[in-house]
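Dear colleague,

I am passing on the structure below, together with some notes on its charged side chains. Please read them alongside the coordinates.

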Amino acid sequence: KKAAGAAALGKFKKLAWDPIEDPSGTAFTQQFSEYLKTLELGNLEETFGRAKPKEEKEEKKVEKKPKVIKVLPDPRRAHNMNIALARFNKRTFAELRDVIIDLDKSKLTVEESQILIQYAPLPEEIAAVQEYIKSGGDVTMLDRPDQFVAAMMGVPLFKQRMVCFEFLATFNDELETIAAPLERFRIAVGDLSKSNRLKKLLHAILKIGNILNQSEVPGFRSNVLTKLEDLKTTTKPVQTFTEYLVNLFWDQDPDALLVREDFKSLEDMGRLDVGGLEQNLTRLDSAFKALKASQQLAAKNNSNSSDVDPMERIIGGFIAENENRLPDLQKKMNEAKQQFNEAAKIFGETDATLSKVKPEVFLKDILTFVRSVDAKRRSKADKLERERKRSGGKKKENTKQPNKKEEGKAKKEEAKKVEAKKEEGAKKEEGAKKAEGKKEEAKKAEGKKEEAKKAEGKKEEAKKEEAKKADAKGPPKGPPKKADETAKKAEVKKAEAGVKKPPSKPAPKGKTPPKG
């Protein structure tokens, strides 16, 4: 067994352990020797056998790359330049050089121009590459950063050129980042001056404040508006000063509580930094002056060289087209600041304090106040609506409902108006009846006149008829008889029956009327 174990020793992997010499008193006693004889251990040679050594393969011959030559003086900068130049892998350095000379915005991005500005060849780098070329060195053997320097050495005004390219490519966007917020600022300041609702609230704050402080100050600075939430009433329910102000105006002038509607432009203004806008405008103005200087330098180089650099023409055209845009924007900036100063004075600032006031802080304080008033107004309206719903919704709650006293006055006034309307209606009705009566009387009088005319006509006809009869009989013979005279009188009386004779005068005293 020992011999077999020795022969097999090299076949297995070794188990790392620390053997003991005397197993007595340990778990490794002889009582388990019989048990181990019956224990199947498996195919240990296969399971823990040493792996057969693999046949060594023939090593493939790897062609070694030719060693590149590095001549740039700063290895770290050369390493970073090599990483950055990966952006231009799709173009050869000769193609990139043509794009840079022509300042072609369609073939070069702003980000790429920024990389080229950062890694514009330094004088010492150009000198090292020139020395290598003069000594007869092969440019193709140089490392990629070194080849870049070699390709860009002949580009006139390389760094100034790339700075000008970036300015031309970003000028419109840079200008808009100033012009747009400046216009929003100008509109917001204009709305600030026009808001009568805000002025009403400020006057109420001033009056209450003078009573609380036992003072007679004529006004206050706007920075107090952010502190109104800190002042609370002593009575219950406890209210902040702003809540008290809202309740005050709710009953008397609810329209003033809609003050937030006057400042939609302030809401839309977004984040404002007037100082930052001025700095950007100053930076753009300096860059424009540097652009002019680069254009003049390119013109000077063109006058001393047979090769015409297109940089002079390209930048000259840009300057002619955009030269007045920055002064115009600067004028708008000055006008907006002046407009703000005038508006700030309306709300308590003075020439002495204006220098310490930042427009964005001032407008933020105003906006915070009007938002707080609006929030309290909405909260009160919601509370009243909930109470209305709890009460069964019998009465529709008006968010601008007056108090009980005013409600009583309104009812009395309404009753007076109703009574006045009734009286007015009665008068009109009575007048209409009188007018109708007058019309009826006029109609009756007109009828009587018509009847009188008809009677007169009948009388005339009777006379004519009588005359005709008389003519037909001829002249009378002898004196008329008394009976005939009586009959004629009767006929005349009948004809005159429709005509009213005036009453006869009474006979004078002492005399008897003559007999008929």
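D255 is partly exposed, at 32% relative accessibility, and its side chain meets that of R197 in a salt bridge with an N to O distance of 2.9 Å. This pair links distant parts of the chain, 58 residues apart, since R197 sits in helix α10 (residues 196-213) and D255 in the loop between α11 (241-252) and α12 (264-268). R197, for its part, counts as buried at 16% relative accessibility. Please keep in mind that the model is predicted.

R260 forms a salt bridge with D374, where the closest N and O atoms are 3.4 Å apart. Here too distant parts of the chain are linked, R260 lying in the loop between α11 and α12 and D374 in helix α17 (residues 359-390), 114 residues apart. R260 is partly exposed at 29% relative accessibility, whereas D374 is buried, with a relative accessible area of 5%. Both belong to a network of salt bridges that links R260, E267, R371, D374, R377 and R378.

A search of the whole structure finds 21 salt bridges, and one of them joins the side chains of R91 and E112 at 3.2 Å, N to O. Because R91 lies in the loop between α4 (75-84) and α5 (93-102) and E112 in helix α6 (residues 110-118), the pair ties together parts that are 21 residues apart in sequence. R91 counts as partly exposed at 22% relative accessibility, while E112 counts as buried at 8%.

Finally, E456, E460, E461, E465 and E466 form a negative surface patch; among them, E460 is found in helix α18 (residues 404-473) and is partly exposed, with a relative accessible area of 37%.

Best regards

Conventions:
Residues are numbered from 1 along each chain as its sequence is written. This is a predicted model: local features need pLDDT of at least 70, side-chain atom pairs count only at pLDDT 80 or more; totals for chains, interfaces and linings use all residues. Side-chain values use heavy atoms; hydrogens and water are left out. Patches are made of residues with over 30% relative accessible area and no salt bridge: like charges are joined within 9 Å, nonpolar side chains (Val, Leu, Ile, Met, Phe, Trp, Tyr) within 5 Å. Accessible areas come from the Shrake-Rupley method with a 1.4 Å probe; for residues, only the protein chains shown count as cover. A salt bridge is a side-chain nitrogen of Lys or Arg within 4 Å of a carboxyl oxygen of Asp or Glu. Lys and Arg count as positive and Asp and Glu as negative; His and the chain ends are not counted. The place of a charge is taken as NZ of Lys, CZ of Arg, CG of Asp or CD of Glu. Helices (H or I, at least four residues) and strands (E, at least two) are DSSP runs, numbered from the N terminus. Buried means under 20% relative accessible area, exposed over 50%, partly exposed in between (1.4 Å probe, protein chains only).
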